[in-house]
Amino acid sequence: MRTKITLLVNGARREVQTDPERPLLEVLREDLQLTGTKYGCGEGQCRACTVLLDGKAVTSCMTPVRTAAGKQITTIEGLAQNGKLHRVQEAFQEAEAMQCGYCVPGMVLTTAGLLKNTPRPTEAQIVAALNGNLCRCCGYPSIVAAVRLAAREQSNG
Amino acid sequence: MAEWGDFEPERYELREPAPYRFEADRREFLALAGGGLLLFTTGASGQRPGGQGEADLSARLHMAADGTITVFTSKVEVGQGSRTQLTQAAAEELGISPEKIRLVMADTDLVPDDGGTAGSRTTPSTVPAVRRAAAAAKKILAATAANPKATMDQLRGAIPSDVVVKPAGDWQHLGKTLPKVDSRAIVTGAHKYPADITRPGMLYGKVLRAPVYNAKLEELDKAAASKLAGVVIVHDGEFAGCTAPTSWEAKKGIEALAAGAKYSRKPHVSSKKLFEHLKATARTGSAAGRGSGPERTKGDASAAMASAANTLKASFEVAYVQHAPMEPRAAVAEWEGDKLTVWTGTQMPHRVRQQLAEAFRVPQEKVRVMVPDTGGGFGGKHTGETAIEAARLAKAAGKPVSLRWTRAEEFAWAYFRPAGLFEIQAGFDGNGKLTAWDYTNYNAGGAGLDTPYAVANSRIRFLYTDSPLREGSYRGIAATANNFARELFMDELAEAAKMDPLRFRLLNLDNPRLRAVLESAAERFRFAERWKSRKAGTGVGIACGTEKGSYIACCAEVGIREGEIEVREVTQVFECGAIQNPRNLRAQVDGCLIQGLGAALWEEAIFEDGKLMNGRFASYRVPRMSDVPKLDTHLLDRRDLTSAGAGETPIIAIAPAVAAAVHHAGYARVRSMPVRLAGA
Ligand code: FES
Ligand code: FES
């Protein structure tokens with residue numbers, strides 16, 4: 001049954017008519033055309049679909065859209081401010097932590113979530129935070145380097 | 001593509017019969033608005049003829065009034081860096097900044113057919129083709145600088161055969177790291193992958209899959225599904241699917257269809273019986289079905305074996321693995337009358353165009369295939385099944401349709417890397433020199449079949465079998481399996497000859513480039529010392545290999561705790577001639593190694609009663625961040641040698657190095673991939 005749900009996406013109010021049980025991932029991609037959030041498994045096993053919900057990284061494929069109503073949703077499209085990249089995005093670009101890049105939105109948002117609560121993560125904290133994010137291109141060494149770079153820039157700036 | 005089909009007989013996917021036979025056209029096309037050229041915005045010449053390649057410079061290059069150069073190629077970008085590398089290649093010869101260059105990749109209406117993106121061919125074939133075209137264009141530009149019209153006229157001519165490209169010593173753009181083209185779009189989520197393409201009025205599709213392998217759809221009760229609002233059902237022969245305004249509703253439609261589907265079934269071998277089955281169904285002799293694979297003989301292997309001072313025999317097994325790219329197969333199809341446009345993630349756009357033309361009985365000129373940069377391929381996206389499915393659904397719905405395979409579909413229904421069984425026997429003399437080599441590979445494939453070691457008498461063969469699973473190409477294809485069996489057997493031979501594995505290899509190895517990487521890796525890792533000083537629960541191993549003109553050697557240290565193998569440290573040395581983009585190359589080499597760890601340690605398709613038992617990331621373990629060992633990657637830059645492709649070969653040495661290290665740690669000889677631990 002379709003219901004009207006109001007979402008706060010990247011700072012804007014967006015209304016959707018949808019089955020409230022539908023995964024947030026699908027609503028973002030299909031109803032709001034925010035295709036930066038990626039599908040990788042649909043069952044919480046790859047974190048390609050990570051978004052921030054009230055600042056916390058969650059898997060949008062496992063989030064029924066009704067539970068996201070009223071919360072601040074940040075997708076990869078909403079991370080840069082006025083054309084200025086978020087420092088995590090800059091770090092991923094600078095460390096070139098990408099091959100096909102399909103896992104990158106999820107990696108970037110997971111990292112942003114990590115640095116919010118743990119501004120100076122240890123190596124072990126980085127691995128613990130990102131170990132659920134799969135990269136089949138297996139670019140993990142440069143992804144770790146990007147996270148370190150982003151953390152360093154944050155504590156400097 | 002036949003060019004490497006000749007020596008890589010395991011490209012099984014290219015010989016598959018058409019995935020569907022649709023009923024004859026019901027002529028229910030709708031006239032649709034939209035379409036048009038997606039990328040070709042120079043406004044100069046509209047449609048470009050495809051398929052002319054070398055012959056016509058304008059098929060390769062276009063110059064806009066503002067000096068922007070557009071380069072056309074059928075190669076695709078799946079993460080391996082071809083877009084950036086080809087940009088560098090064009091910039092190099094044109095002597096202009098890479099920002100002035102745009103690439104149009106894999107749009108069959110616009111690009112020449114450079115073959116598919118496979119076999120590490122972009123570097124040795126397409127880079128030189130682009131460089132020759134760019135060098136020819138540079139000459140023309142210099143001569144006609146003041147007159148754009150004259151430039152375009154001359155660009156329409158053939159590429160002169162005597163055109164020269166810059167030697168590596170003069171490179172300005174190649175040989176240096178050029179940051180990845182489109183990296184900003186990737187980090188902002190703006191980059192459009194095949195799954196992200198949207199078209200006006202687009203619907204979402206789903207296909208009904210059989211519950212098990214070897215099942216045939218016999219009856220379909222559509223009553224329940226047809227009651228669902230917005231759902232359009234398609235049932236055409238063995239194909240059934242539906243479309244709906246959202247994937248959620250399409251999924252409900254498929255669930256309703258599945259409840260009303262009846263199948264007939266044929267038995268299906270289980271993975272437990274796999275290797276017996278491969279051996280029992282091996283085909284020898286040219287009378288056999290698909291024919292037998294290559295067999296090469298040198299000297300007299302059986303006589304040399306009979307007279308050898310020492311002989312040794314062993315067999316090895318390699319399981320099926322899945323590519324599991326992060327982006328599962330996806331396609332958007334749109335019909336305008338009898339013209340079909342498809343956006344899809346495939347490594348072979350022209351082949352998919354042909355498959356579509358055949359499936360829908362339209363001339364190829366009516367079909368346009370475009371490949372947006374795709375979320376991973378690893379050799380797994382050579383076929384057009386998703387494009388065909390999307391097009392069939394779109395035809396019925398009268399609207400564009402996006403079809404994205406689920407992860408479960410990608411695991412179960414995409415083709416697998418072939419499993420293989422290997423039987424090897426060798427003879428060697430009192431000094432440890434190989435004298436005889438008899439090698440049989442069942443099913444795994446022909447890439448990397450020949451031994452790189454020097455042996456005067458050999459029989460080497462590859463036999464086709466009846467594979468219970470759909471199988472096909474994979475990064476490195478059979479070279480990984482062949483190298484695994486061969487390198488582990490070399491370790492067993494070394495032990496029999498009472499030598500360390502490094503010395504035994506060097507004694508039997510003439511190839512100077514392979515020796516160079518092997519010696520360099522051993523030295524950096526201090527292999528010889530570490531091999532002698534054995535620590536409980538810890539082991540070291542070494543392996544090397546060559547394939548498609550590049551060379552890799554690996555040393556690995558493993559630690560074993562509570563039955564778990566932990567790869568702690570790896571040194572790898574790789575050489576592929578002159579390096580074109582160092583950072584991208586490192587990403588490929590490290591990515592190969594880490595991806596290779598997955599197949600070495602955990603990845604394996606387990607199937608029973610026709611069901612894939614572990615077709616999810618929860619049960620099919622792939623490498624994660626915590627699995628990455630301490631890594632010392634060393635790239636040898638041989639500016640004096642032609643550049644070879646590098647996206648595949650670095651995957652072939654890690655599995656045998658790790659498996660050898662497991663034995664060195666005090667466990668039984670490893671003879672299977674993935675590695676299974678067993679007592680000594
Ligand atoms: S798509 Fe959500 S975790 Fe994989
Ligand atoms: S870059 Fe391809 S999946 Fe991570």
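Are H3(A) and H4(A) oblique or parallel to each other? In this predicted model, the axes of helix H3 (residues 87-94) and helix H4 (residues 104-117) of chain A cross at roughly 130° and come within 9 Å. H3(A) and H4(A) are therefore oblique to each other.

## Helix pairs

Two packed helices are described by the angle between their axes and the distance between the axes. In chain A, the crossing of H3(A) with H4(A) is right-handed. On the side of H3(A), the contact involves Arg87(A), Val88(A), Gln89(A) and Phe92(A). Their partners in H4(A) are Val104(A), Met107(A), Val108(A), Thr111(A), Ala112(A) and Leu115(A). By class, this contact of H3(A) with H4(A) holds seven nonpolar residues, two polar residues and one charged residue.

The residues of the contact of H3(B) with H4(B) comprise ten nonpolar, five polar and three charged.

## Pockets and cavities

| Space | Volume | Lining residues |
|---|---|---|
| Largest pocket | about 1,400 Å³ | 42 residues |
| Second largest pocket | about 1,200 Å³ | 46 residues |
| Largest cavity | about 560 Å³ | 38 residues |
| Second largest cavity | about 70 Å³ | 14 residues |

Which residues lie nearest the centre of the largest pocket? They are Pro19(B), Asn214(B), Glu238(B), Trp413(B) and Arg470(B). Several elements of chain B each supply at least two residues of this lining: strands S5 (215-220), S7 (239-244) and S8 (261-265), together with helices H12 (385-397) and H13 (407-413). The lining of the largest pocket divides into 20 nonpolar, six polar and 16 charged residues.

The second largest pocket has residues of both chains nearest its centre, namely Tyr39(A), Lys206(B), Thr406(B), Ala408(B) and Glu409(B). Helix H1 (24-31) of chain A supplies at least two residues of its lining. H8(B) gives the most, with six residues. In this second lining there are 24 nonpolar, seven polar and 15 charged residues.

A search of the whole structure finds nine cavities of 30 Å³ or more. The largest cavity has a volume of about 560 Å³. Closest to its centre are Gln80(B), Ser120(B), Gln588(B), Ala646(B) and Gly647(B). The helices H3 (82-94) and H4 (122-144) of chain B, described above as a pair, each supply at least two residues of the lining of the largest cavity, as does helix H18 (582-601) of chain B. H18(B) gives the most to this lining, with three residues. By class, the lining of the largest cavity has twelve nonpolar, 22 polar and four charged residues.

In the second largest cavity, Glu77(B), Lys180(B), Ile186(B), His191(B) and Asp373(B) lie nearest the centre. The lining of the second largest cavity consists of four nonpolar, five polar and five charged residues.

Note on methods:
Residues are numbered from 1 along each chain as its sequence is written. Chains are lettered from A and ligands numbered from 1 in the order in which they are written. This is a predicted model: local features need pLDDT of at least 70, side-chain atom pairs count only at pLDDT 80 or more; totals for chains, interfaces and linings use all residues. Side-chain values use heavy atoms; hydrogens and water are left out. On a 1 Å grid over the protein atoms alone, a cavity is a set of points where a 1.4 Å probe fits but cannot get out, and a pocket is an open set with protein on both sides within 12 Å along at least five of seven lines; lining residues have an atom within 4 Å of a point. Grid points are joined across faces, edges and corners, and a volume is the space filled by probe spheres set on the points. Helices (H or I, at least four residues) and strands (E, at least two) are DSSP runs, numbered from the N terminus. Ala, Val, Leu, Ile, Met, Phe, Trp, Tyr, Cys and Pro count as nonpolar, Asp, Glu, Lys and Arg as charged, and the others, Gly among them, as polar. Axes are lines fitted to C-alpha atoms, for helices over the stretch in contact, and angles run from 0 to 180 degrees between N-to-C directions. Angles under 35 degrees count as roughly parallel, over 145 as roughly antiparallel, 65 to 115 as roughly perpendicular and the rest as oblique. A crossing is left-handed if the near helix is turned anticlockwise from the far one by less than a right angle, and right-handed if clockwise. Contact means heavy atoms within 4.5 Å.
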